[in-house]
Amino acid sequence: MQSVALGVTLALGGLAHAADPIVIKFSHVVAQDTPKGKAAEYFKKLAEERTHGTVKVEVYPNSQLYKDKEEIEALQLGAVQMLAPSLAKFGPLGVKEFEVFDLPYILPNREVLRRVTEGPVGKGLLAKLESKGITGLAYWDNGFKIMSANRPIHRPEDMKGLKMRIQSSKVLDKQMRQLKAIPQVMAFSEVYQALQTGVVDGTENPPSNMYTQKMHEVQSDATVTRHGYLGYAVIVNKAFWDGLPADIRSTLEGAMKDATQYANDIAEEENKQALEAIKASGKTHVYEPTAEELKAWRAALLPVHEEVAGRVGKDLIEAFYKEAAAAGSPIK
């Protein structure tokens with residue numbers, strides 16, 4: 001009798017366990033009201049609705065769980081299942097080809113960006129993550145970066161001697177050194193205080209990141225250089241993803257496709273609104289460079305392409321050039 005009771009208990013326990021939702025912990029380092037933050041919440045909504053509660057997505061914004069340097073290791077260990085790190089994060093992981101996205105003026109506009117991320121070049125880059133125990137699902141936009149500092153920076157030579165916060169990227173390091181600035185690698189969550197206390201003089205970010213992190217409150221000047229691009233790759237732990245039931249995985253892929261469309265649709269508008277809000281705040285003077293000044297920024301920074309070709313791959317850089325030329329926006 002006792003063994004029968006034990007069997008019933010175990011069976012009921014198995015049923016209860018089977019009813020437990022599949023939990024996806026989705027961690028990221030930016031604010032909830034950024035393009036990435038909103039897209040993560042939209043993916044959560046779609047995933048939970050379409051799986052009828054079989055999947056539960058827990059979103060942790062603003063480095064609540066992990067900082068920049070910690071999050072990918074946490075994903076590989078299975079402590080979280082999903083991330084959307086900036087593309088610069090994959091260089092330190094050993095997939096240095098992703099640093100091509102950090103090259104100044106490598107993406108002239110969003111049309112070229114789409115050709116890259118939605119075509120064979122982008123898919124080929126995501127495939128390189130498989131050997132690291134990571135599956136790449138999608139590219140999410142943020143936007144094109146502006147330079148900010150505690151003094152006017154109208155021309156490249158104005159950057160000389162400034163301590164500039166960067167992500168951990170050899171290409172971004174080279175970019176700042178090319179401008180005779182002093183690159184300082186720092187976690188995103190630490191940037192506001194570093195700017196406030198003078199540990200660093202300035203940084204580079206899309207306006208949405210600058211505004212939502214209140215960096216405009218501790219920077220006197222910003223220049224709309226649009227010199228670089230900040231995007232994200234949505235990634236999952238490969239073992240977790242491969243272990244999902246096929247129908248659940250297919251449903252989540254559909255949810256991710258729609259969340260990606262949403263993310264990329266809102267990014268440009270969100271950045272426009274953020275730039276206007278920074279201007280309206282009166283705290284940061286926003287400078288729009290003249291055509292001649294923009295030409296000087298490009299001339300100063302394009303040599304970085306050749307200098308890092310050995311690191312990110314000359315053929316990969318040429319593939320970006322080819323997509324730009326096909327879109328009618330040649331880089332050189």
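**Figure 1. Lining of the largest pocket in the predicted model.** The largest pocket is lined by 14 residues. Those nearest its centre are Thr117, Glu118, Ala138, Tyr139 and Thr260. The space in this pocket comes to about 400 Å³. Four elements, α5, α6 (120-127), β4 (134-144) and α11 (246-281), each supply at least two residues of the lining. The helix that gives the most is α11, with 6 residues. Sorted by class, the lining of the largest pocket holds 5 nonpolar, 4 polar and 5 charged residues. The model shown here and in the other figures is predicted.

**Figure 2. The largest cavity and the residues around it.** Searching the whole structure gives 2 cavities of 30 Å³ or more. The largest of them has a volume of about 140 Å³. Its lining is made up of 16 residues, and Ser86, Gln167, Phe188, Asn209 and Leu230 lie nearest the centre. Three strands, β6 (163-166), β8 (202-205) and β10 (229-237), each contribute at least two residues to the lining of the largest cavity. By class, that lining divides into 6 nonpolar, 4 polar and 6 charged residues.

**Figure 3. The second largest cavity.** About 40 Å³ is the volume of the second largest cavity. The residues that line it include Phe101, Leu103, Tyr105, Ile106 and Leu107. Phe144 also belongs to the lining, as do Arg226, His227, Gly228 and Tyr229. Of the lining residues of the second largest cavity, 7 are nonpolar, 2 are polar and 1 is charged.

**Figure 4. Tyr105, a lining residue with positive phi.** Tyr105 is one of the residues that line the second largest cavity. Tyr105 sits in the loop between α4 (90-93) and α5 (110-117). The phi angle of Tyr105 is near 60°, a positive value in a residue other than glycine. With a relative accessible area of 9%, Tyr105 is under the 20% cut-off and therefore counts as buried.

Figure 5. Ser63 is found between β2 (55-60) and α3 (68-77), in the loop that joins them. Although Ser63 is not a glycine, its phi is positive, at about 60°. The relative accessible area of Ser63 is 14%, so Ser63 is buried.

Figure 6. Val312 belongs to helix α14, which covers residues 309-312. Val312 has a relative accessible area of 2% and is therefore buried. Neighbours within four places in sequence left aside, Val312 is in contact with Lys96, Glu97, Glu99, Val100, Val171 and Ile317. For Val312 and Val171, a sequence separation of 141 residues goes with a C-alpha to C-alpha distance of 8.8 Å.

**Figure 7. Glu97 and its contacts.** Glu97 lies in the loop between α4 and α5. Residues up to four places away in sequence not counted, Glu97 touches Leu125, Lys128, Val312 and Leu316. Leu172 is 75 residues from Glu97 along the chain, and the C-alpha atoms of Glu97 and Leu172 are separated by 13 Å.

Figure 8. Over residues 1-17, pLDDT stays under 50. For this segment the model has 0 contacts beyond four places in sequence. Where pLDDT is low, the predicted coordinates should not be read in detail. For the chain, the mean pLDDT is 93, and 95% of the residues reach 70 or more.

**Figure 9. The chain from which the close-ups are taken.** The chain has 15 helices and 11 strands. Its C-alpha atoms fill a box of roughly 85 × 40 × 30 Å along the principal axes. Among contacts with a separation of 6 or more, 75% are between residues 24 or more positions apart.

Methods
Residues are numbered from 1 along each chain as its sequence is written. This is a predicted model: local features need pLDDT of at least 70, side-chain atom pairs count only at pLDDT 80 or more; totals for chains, interfaces and linings use all residues. Side-chain values use heavy atoms; hydrogens and water are left out. On a 1 Å grid over the protein atoms alone, a cavity is a set of points where a 1.4 Å probe fits but cannot get out, and a pocket is an open set with protein on both sides within 12 Å along at least five of seven lines; lining residues have an atom within 4 Å of a point. Grid points are joined across faces, edges and corners, and a volume is the space filled by probe spheres set on the points. Ala, Val, Leu, Ile, Met, Phe, Trp, Tyr, Cys and Pro count as nonpolar, Asp, Glu, Lys and Arg as charged, and the others, Gly among them, as polar. pLDDT is the predictor's confidence in each residue, from 0 to 100. Contact means heavy atoms within 4.5 Å. Buried means under 20% relative accessible area, exposed over 50%, partly exposed in between (1.4 Å probe, protein chains only).
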